[in-house]
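Subject: Structure for your review

Dear colleague,

Please find the structure below, followed by an account of what was found in it.

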Amino acid sequence: MARRTETGGRLDDAARAGWLYYVAGRTQDEIATAMGISRQSAQRLVSLAVAERLIKVRLDHPIAECLELAQRLKERFALVHVDVVPTDPASTSTTVGIAEAGAAEIERWLKRPEPIVLAVGTGRTLKAAIDQLPAMECPQHRIMSLTGNIGPDGSAAYYNVIFSMADAVKARHFPMPLPVLVSSAKERDLLHQQSLVQSTLKLAQEADVAFVGVGELGPDAPLCVDGFLDREEMAQLMAQGAAGEICGWMFDREGKLLSGSINERVASVPLPSRDNAAVIGLAKGSRKHLAILSALKGRMINGLITDEATAKYLLSA
């Protein structure tokens, strides 16, 4: 019989304790008795199950104020989908809440019996959402990446989610085998002429839905933190009127793509047509307010998953 590793065995115990607590509704004392451990050990195992993301919680009840805010956003910006989640005033996380809501919406699309093309962007929020997906078998669907999967140092981009999604969802997946940014427009055009890339570019035109992050700009923005741009380049872009980015594409306060700038070096696939596809942005937080508002103004996205505080800002702006 195969022996359990120490780590694997502890996670097995954590999963069992988590199931007993969250699914079976047992108390920690009852779990301790059932598993033959102390109450303190049972408590630690339940906490470990949460920390290791073995437990995924979804709220199955509509909150009236969130529904009202979602409807108002939908009407104001002519959106095809809006989901507003509660705001935790004490939290500094930019993903909690919207990651879970994003996972639920992605799952709804993947449960469709008819074949679809689902496109994904990149970033921390999307990665957090993909981490919440249950294991699924979706051989009828095709999943594609809108962004390159190679970082500035030649390594795999950490927040490119196509591969982690492929682990959770058994569907054909199509990565973009390019850097996120290239050195020039000429290099991008040359790379886009490659047959493997051409097939991905064409597939994007068939996308039924896309899930993307909406990125803020500034010296602490992910594009700087992750090494794609230095602070001087970021300052220059903001001086040119850049207000936000989606999949590396820079846009101004009116949601129009900047011309003659870094966009000439972006190797990402152009966003699917908002006339034919749902392009759903996942974003919240004061640092992203301007970027989200600008993206909505210019119809860079026609769907949004956000929180109450951000929704109220968007409606008052």
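Throughout this message, contact means heavy atoms within 4.5 Å. Helices (H or I, at least four residues) are DSSP runs, numbered from the N terminus. This is a predicted model, in which local features need pLDDT of at least 70 and side-chain atom pairs count only at pLDDT 80 or more, while totals for chains, interfaces and linings use all residues. Residues are numbered from 1 along each chain as its sequence is written, and side-chain values use heavy atoms, with hydrogens and water left out.

In the packing of two helices, E65, C66, L69, R72, L73, R76 and F77 of α4 meet E308, A311, K312, L314, L315 and S316 of α13. By class, this contact of α4 with α13 comprises seven nonpolar residues (Ala, Val, Leu, Ile, Met, Phe, Trp, Tyr, Cys or Pro), five charged (Asp, Glu, Lys or Arg) and one polar (the others, Gly among them).

E105 lies in helix α5, residues 98-110. Not counting residues up to four places away in sequence, E105 touches H81, F211, I280 and I305.

Yours sincerely
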